[in-house]
Amino acid sequence: MLRAVVLACVVNIVLAGKAPTIDLNDGRKMPVVALGTGRGTAGSAPIDEVKDAVFWAIEAGYRHIDTAAVYGDEEQVGQGIAEAISKGLVKREELFVTTKLWNDRHARDQVVPSLRESLTRLGLDYVDLFLIHFPISMKSDGSPDNIDYLETWEGMEEAKELRLARSIGVSNFNATQIDRLVANKNAFRPAVNQIEVNPTLTQEPLVSHCQNLGIAVMAYSPFGFLVTRKHADAPPPRVDDPTLVRIANKYGKNTAQIVLRYLVDRGLVPIPKSANKDRIAQNIDLFDFQLTKEEVAEISKFNKNVRVIHPKGWESYPNYPF
Ligand SMILES: NC(=O)c1ccc[n+]([C@@H]2O[C@H](COP(=O)([O-])OP(=O)(O)OC[C@H]3O[C@@H](n4cnc5c(N)ncnc54)[C@H](OP(=O)(O)O)[C@@H]3O)[C@@H](O)[C@H]2O)c1
Ligand SMILES: *[C@@H]1O[C@H](CO)[C@@H](O)[C@H](O)[C@H]1NC(C)=O
């Protein structure tokens with residue numbers, strides 16, 4: 001019995017080591033690797049796999065899960081979390097759960113009700129982080145609306161005051177939009193901007209702009225075009241890229257892990273999506289090595305300002321950010 005207890009403690013220490021945190025501007029801490037659950041890149045992958053992915057991730061040491069109302073998987077995320085808690089792997093307060101407000105709920109008085117619906121699906125009393133998914137607003141039929149995100153932000157602040165969201169932030173906001181939000185003298189400055197960052201979209205100007213304002217940056221689609229096969233003409237690097245392979249061999253890692261560590265070494269919080277147990281574990285096995293400044297600069301040279309997520313159909317909508 002005593003032996004089992006001692007063993008459990010050792011395991012906890014090791015797992016805690018896999019979820020280092022960064023400080024947010026509201027005094028809270030955010031774990032630096034989040035499991036992505038968005039199905040965008042995966043296409044028609046079955047939603048049921050999300051429950052297992054979330055459970056495996058927590059088992060592997062993840063403490064941060066990223067979801068969104070529009071992913072349609074908050075129930076599965078909640079089931080994975082509930083199973084991990086019921087099996088004693090983790091307590092709710094040790095987890096950091098992020099969800100997002102969809103574009104068709106931007107009116108001030110829609111924000112808190114939308115979050116309450118997300119919480120019901122997740123089976124949680126609060127989320128750790130609630131983000132405005134895009135600065136763009138839409139009607140329920142997907143046609144453009146023109147609700148100012150400053151109005152939406154008032155609803156976000158209400159969610160924080162009610163402690164339904166412990167931290168609040170934005171996603172896909174460009175530098176102009178961040179400045180306008182910060183200049184508005186809100187009660188709460190956004191804690192986070194979640195944007196696409198990867199070797200072909202390195203985003204140095206926007207990342208440093210946010211970091212200088214004390215806004216943490218989460219990096220979505222962290223692999224860029226590393227592993228997707230459907231973009232045969234997309235720019236490098238791919239998994240077998242010689243530069244990445246050389247760096248990977250030096251550290252005894254694979255090229256996916258090098259790309260994630262590159263983002264961590266830039267002070268970012270990457271959100272790798274995987275539904276595969278082994279790859280989920282690999283994607284957080286990043287904390288026993290570190291890239292040199294030269295290696296970070298070398299990987300940044302892949303930049304082509306090309307996006308994985310480029311919703312061109314919204315280009316004519318007010319507040320289109322790209
Ligand atoms: N805020 C936003 O607007 C926004 C937009 C897009 C995404 N996101 C968030 O960011 C998350 C990640 O973005 P993403 O899904 O676009 O792309 P991603 O995480 O860059 O790439 C996911 C793809 O990589 C594969 N993969 C994962 N780990 C791997 C590894 N170690 N080796 C080889 N292949 C690996 C996955 O396949 P397997 O599952 O088979 O491993 C999947 O096909 C989303 O799930 C979502 O949570 C947010
Ligand atoms: C951000 O988006 C707005 C709205 O579309 C646009 O007016 C502005 O020029 C963009 N700023 C940057 C830095 O891209």
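**View 1. Glu 74 is buried, with a relative accessibility of 1%.** The model shown here and in the other views is predicted. Glu 74 belongs to helix H3, which spans residues 74-86. Its value counts as buried because the cut-off for that class is under 20% relative accessible area. Two side-chain polar contacts are found for Glu 74: one with the side chain of Thr 99 at 2.7 Å, and one with the side chain of Ser 118 at 2.8 Å. Leaving aside residues up to four places away in sequence, Glu 74 touches Thr 67, Ala 68, Ala 69, Thr 99, Ser 118, Arg 121 and Leu 122.

**View 2. Thr 37 is a buried residue in the loop between strand E3 (34-36) and helix H2 (49-60).** The relative accessibility of Thr 37 is 3%. The side chain of Thr 37 lies 2.8 Å from the backbone oxygen of Asp 66. A polar contact of 2.9 Å joins the side chain of Thr 37 to that of Asp 73. With residues up to four places away in sequence not counted, the residues touched by Thr 37 are Val 50, Val 54, Ile 65, Asp 66, Thr 67, Tyr 71, Asp 73 and Val 77.

**View 3. Helix H11 (residues 293-300) has buried residues on one face.** The buried residues are Glu 295, Val 296, Ile 299 and Ser 300. Viewed down the axis of H11, they fall within an arc of 140°, so they line one face of the helix. These buried residues pack against three helices: H7 (204-212), H8 (242-251) and H9 (255-265). Lys 293 and Glu 294 are exposed and sit on the face of H11 turned away from the buried side.

View 4. From Tyr 320, a backbone N or O atom is 2.5 Å from an oxygen atom of ligand 2. On its own, ligand 2 has 360 Å² of accessible area, of which the protein covers 46%.

Methods
Residues numbered from 1 in each chain as written. Chains lettered and ligands numbered in written order. Predicted model: local features only at pLDDT ≥ 70, side-chain atom pairs only at ≥ 80, totals over all residues. Heavy atoms only, no water. Buried < 20%, exposed > 50% of the residue type's maximum accessible area, 1.4 Å probe, protein only. Helix = DSSP H or I, 4+ residues; strand = E, 2+ residues; numbered from the N terminus. Arc of directions from axis to C-beta. Contact = heavy atoms within 4.5 Å. Polar contact = N/O pair within 3.5 Å; in protein donor to acceptor, adjacent residues only side chain to side chain. Areas by Shrake-Rupley, 256 points an atom, 1.4 Å probe, with all protein chains shown as cover.
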